[in-house]
Amino acid sequence: CRGSDGNSPNPKIPSLAGHPPDYIAKASFDYLYGLRGNELMRKALVGLDEKTIEEIAIYFSEQTPDARLFYVRDASKRFDQVGDGRRIASACDGCHGSEGNSRVKGVPSLAGLHVKYLYSATQDYREGRRAHNTMKTMVDFLNDISTEKVAFYYASRDPRQRKRVKPGEREKGGVLAEKKCASCHGEVEKLKGASTTY
């Protein structure tokens with residue numbers, strides 16, 4: 001949510017870079033123990049012991065604050081779709097993985113998806129057509145141009161296979177996918193599930 005170096009690209013999520021470590025640690029403990037009410041923060045901290053939280057706080061405190069990484073509406077007039085998209089999308093890495101390759105169960109990978117699909121899905125979260133509180137928080141500050149930049153960034157990333165399946169499962173799934181899914185999502189063997197619809 002806050003970018004890899006604690007410089008958040010989302011104006012609704014504060015940056016941590018350069019803050020005193022004792023403040024970061026105390027705020028983290030307050031979220032973890034319910035003294036601050038933010039379910040997203042609490043979930044992010046569950047399972048971490050005090051020493052780990054203190055080490056994370058030290059890491060962020062030693063990072064250099066960079067105000068240029070904040071989303072600025074006027075800056076969206078220049079169109080460096082991949083570069084700006086990378087900066088904005090850094091807040092998404094925690095869930096969707098580095099370069100959009102998810103390692104979190106139940107969270108989709110975004111790498112290599114079509115620009116038009118990524119743009120449309122993000123717009124749906126922004127405008128409430130897809131109901132998901134976390135996604136709404138993460139994308140509702142984006143304007144149309146910034147949404148397109150993020151879509152270009154993820155579309156230009158190489159998708160990586162999440163993990164291998166058991167022998168025989170791929171073949172069984174392929175037979176079913178050919179019957180049920182190929183007409184919309186592409187031929188199973190030729191495109192390996194890459195969608196041909198936008």
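**Aromatic pairs.** I searched the whole structure, a predicted model, and found 3 aromatic pairs. Rings of Phe, Tyr and Trp (its six-membered ring) pair if their centres lie within 6.5 Å. Planes under 30 degrees apart count as stacked, over 60 as edge-to-face and the rest as tilted. I looked at Phe29 and Tyr33 among them. Their ring centres are 6.3 Å apart and the planes meet at 15°, so this pair is stacked.

I then checked burial (relative accessible area under 20% is buried, over 50% exposed, in between partly exposed; 1.4 Å probe, protein chains only). Phe29 is buried at 15%. Tyr33 is exposed at 51%.

Next I took Tyr153 and Tyr154. Here the centres lie 5.2 Å apart with the planes at 55°, so I logged the pair as tilted. Tyr153 and Tyr154 are both buried.

**Ground rules.** I number residues from 1 along each chain as its sequence is written, and side-chain values use heavy atoms, with hydrogens and water left out. In this predicted model, local features need pLDDT of at least 70 and side-chain atom pairs count only at pLDDT 80 or more, while totals for chains, interfaces and linings use all residues.

**Cysteines.** I looked for disulfides (pairs of cysteine sulfur atoms within 2.5 Å). The structure holds 0. Cys92 is in none, and its nearest cysteine sulfur, on Cys95, is 8.4 Å away. Cys92 is partly exposed at 22% relative accessible area. Cys95 is also partly exposed, at 39%.

**His96.** Where does His96 sit? I found it in helix 5, residues 93-96. Helices (H or I, at least four residues) are DSSP runs, numbered from the N terminus. His96 is buried, with 10% relative accessibility. A polar atom of its side chain lies 2.8 Å from the backbone oxygen of Pro108. I listed its contacts (heavy atoms within 4.5 Å), leaving aside neighbours within four places in sequence. They are Asn101, Ser102, Val107, Pro108, Leu110 and Met135.

**Helix 4 against helix 8.** How do helix 4 and helix 8 pack? Helix 4 (residues 81-89) and helix 8 (residues 144-155) have axes 7 Å apart, at an angle of about 95°. I used axes fitted as lines to C-alpha atoms over the stretch in contact, with angles from 0 to 180 degrees between N-to-C directions. That makes the two helices roughly perpendicular (65 to 115 degrees; under 35 is roughly parallel, over 145 roughly antiparallel, the rest oblique).

I noted who meets whom. Helix 4 brings residues including Gln81, Asp84 and Arg86. Helix 8 brings residues including Lys149, Phe152, Tyr153 and Tyr154. Tyr153 and Tyr154 are the tilted pair from above.

Methods:
A polar contact is a pair of N or O atoms within 3.5 Å; within protein, one must be able to donate a hydrogen and the other to accept it, and residues adjacent in sequence count only if both atoms are side-chain atoms.
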